[in-house]
Amino acid sequence: MRHPKSGGRGRRGRGPRIPAAVLRKQQAVAPSVDQVTGAKIPKSFVFSRGKIPSTLRHLQQDLRKVMLPYTALNLKEKKRNNLKDFLNVSGPLGVTHFMILSNPKSLPHLRMAKTPQGPTYTFQIEAYALAADIANSQKRPRCPPGIFKNSPLVVLSGFTGHGEPFKSLIQYFQYMVPAIDPNTVKLATCQRVLLLKYDKEKGVIDFRHYSIKLQPVGVSRRIRKLMQNNQVPDLRDLKDVSDYVTKAGYGSESEVDDEAATVSLVSDVDKLNRASRKSAVRLQEIGPRMTMRLVKVESGLCSGDVLYPEPVKGKQTDEETGEEADESAESADGSEDELEDGSEDEMEDEE
């Protein structure tokens, strides 16, 4: 885990202009309403405010991958872009959530905000690990590109029974990705899990991101590889085809360990995982990983009344001071420069 302490002029009065062709492309490729559930599909922008170190830049890109496919993976920012510029663009593109990284007083902060009117939740990042750090620590890292074609499943733990602000925070986490209907969802689209766990004793939230892998029970490793690769194996040194299956050192017919969760699928997922067979569910962390502490809740979009913690007259925390300094710097710059060309048409570049 990384510890935070280591380590053209625009048109005033108008937001960035989006070409009509880009808007048509967005509407054709990325519908704003789920055709199955009929609910509005949440979309997000992940960006930074102020100067941040290179490690936080990498964390920003990792967070964009977490929010795929309904985010702008290659969103390009200009130094003169202020918060209002992003808000002006978010309306036509249907962006409903902001994730904003900042580094006031060398303390990384992540603000999660609901557009256009809030609320805003400010977290102090106490420790984090990039996706590359997680992969380097694993013997066999697994992160196939295809798993980002669908949104992750959000799993919450430890948030209930604490009242506000956690009651409203639960709703924010639940609706920052598209909702699923258990009766109609295709199991093949469920390939990632975003786990958010609240540790009551430490007062922190653990942010974990996993890939989901289904492994059929009772099928040897060699048979699985043969069916997945769709390639003819090398049988030159074998006397019989059965030798390929029973060759020592490649796993037995019951290779799944006892601790693996076994489920009966209601529908076919792929060639190996069929509805008629039992499959073991394996989770493998793909990152990023964060340990966050909720330090402030505001009623508006990075502004408004402070709902948490309850404000004390004449006293202000370092975290609040740092965040307010960042916002005052934004408001001091009255320009509304355009986002760089191509930022608007990146919402669905993974589709």
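## Aromatic pairs

A search of the whole structure finds 10 aromatic pairs. Rings of Phe, Tyr and Trp (its six-membered ring) pair if their centres lie within 6.5 Å; planes under 30 degrees apart count as stacked, over 60 as edge-to-face and the rest as tilted. The structure is a predicted model, where local features need pLDDT of at least 70, side-chain atom pairs count only at pLDDT 80 or more, and totals for chains, interfaces and linings use all residues. Residues are numbered from 1 along each chain as its sequence is written, and side-chain values use heavy atoms, with hydrogens and water left out.

Take Phe45 and Phe86. Their ring centres are 6.5 Å apart and their planes stand at 75°, so the pair is edge-to-face. Phe45 lies in strand β1 (residues 44-48) and Phe86 in helix α3 (residues 83-93), so the pair ties together parts 41 residues apart in sequence. Helices (H or I, at least four residues) and strands (E, at least two) are DSSP runs, numbered from the N terminus. Phe45 counts as buried at 0% relative accessibility. Phe86 is buried too, with a relative accessible area of 0%. Buried means under 20% relative accessible area, exposed over 50%, and partly exposed in between (1.4 Å probe, protein chains only).

Now Phe159 and Phe173. Their ring centres lie 5.9 Å apart with planes at 70°, so this pair is edge-to-face. Phe159 sits in the loop between β5 (153-157) and α5 (166-174), and Phe173 in helix α5, so the pair ties together parts 14 residues apart in sequence. Phe159 is buried at 3%, and Phe173 is buried at 0%. Both belong to a cluster that ring pairs link, made of Tyr121, Phe159, Phe166, Tyr172, Phe173 and Tyr198.

## Nonpolar cores

The largest nonpolar core has 33 residues. Such a core is a set of buried Ala, Val, Leu, Ile, Met, Phe, Trp, Tyr and Cys residues joined through side-chain atoms within 4.5 Å. Those with the most contacts inside it are Leu59, Leu63, Leu110, Phe123, Phe159, Phe173 and Met290. Elements that each supply at least two residues include α2 (54-66), α5, β6 (192-199), β7 (204-216) and β10 (289-298). Which element gives the most to this core? It is α5, with five residues.

Phe123 touches residues from several stretches of the chain, among them Leu110, Leu169, Phe173, Ile205 and Met292, not counting residues up to four places away in sequence. Contact means heavy atoms within 4.5 Å. A second, separate core of 14 residues includes Ala72, Phe86, Ala113 and Cys302.

## Strand β7 and its partners

In β7, 11 of the 13 residues are buried, so the strand is largely enclosed by the rest of the structure. Two strands pair if DSSP finds at least two bridges between them. β6 and β7 pair in the antiparallel sense over eight bridges. Here Asp199 stands opposite Val204 in β7. Their hairpin has four residues between the strands, and in it Gly203 takes a positive phi near 70°.

β7 also pairs with strand β9 (residues 278-285), antiparallel, over seven bridges. Leu214 stands opposite Val281 in β9. With β10, β7 forms an antiparallel pair over three bridges. The bridge partner of Phe207 in β10 is Met290.

## Helix α2

α2 has 13 residues and reaches 19 Å from its first C-alpha to its last, close to the 18 Å expected at 1.5 Å a residue. The expected span is 1.5 Å times one less than the number of residues. Buried residues of α2 include Leu56, Leu59, Leu63 and Val66. An α-helix has 3.6 residues a turn, so residues three or four places apart point the same way.
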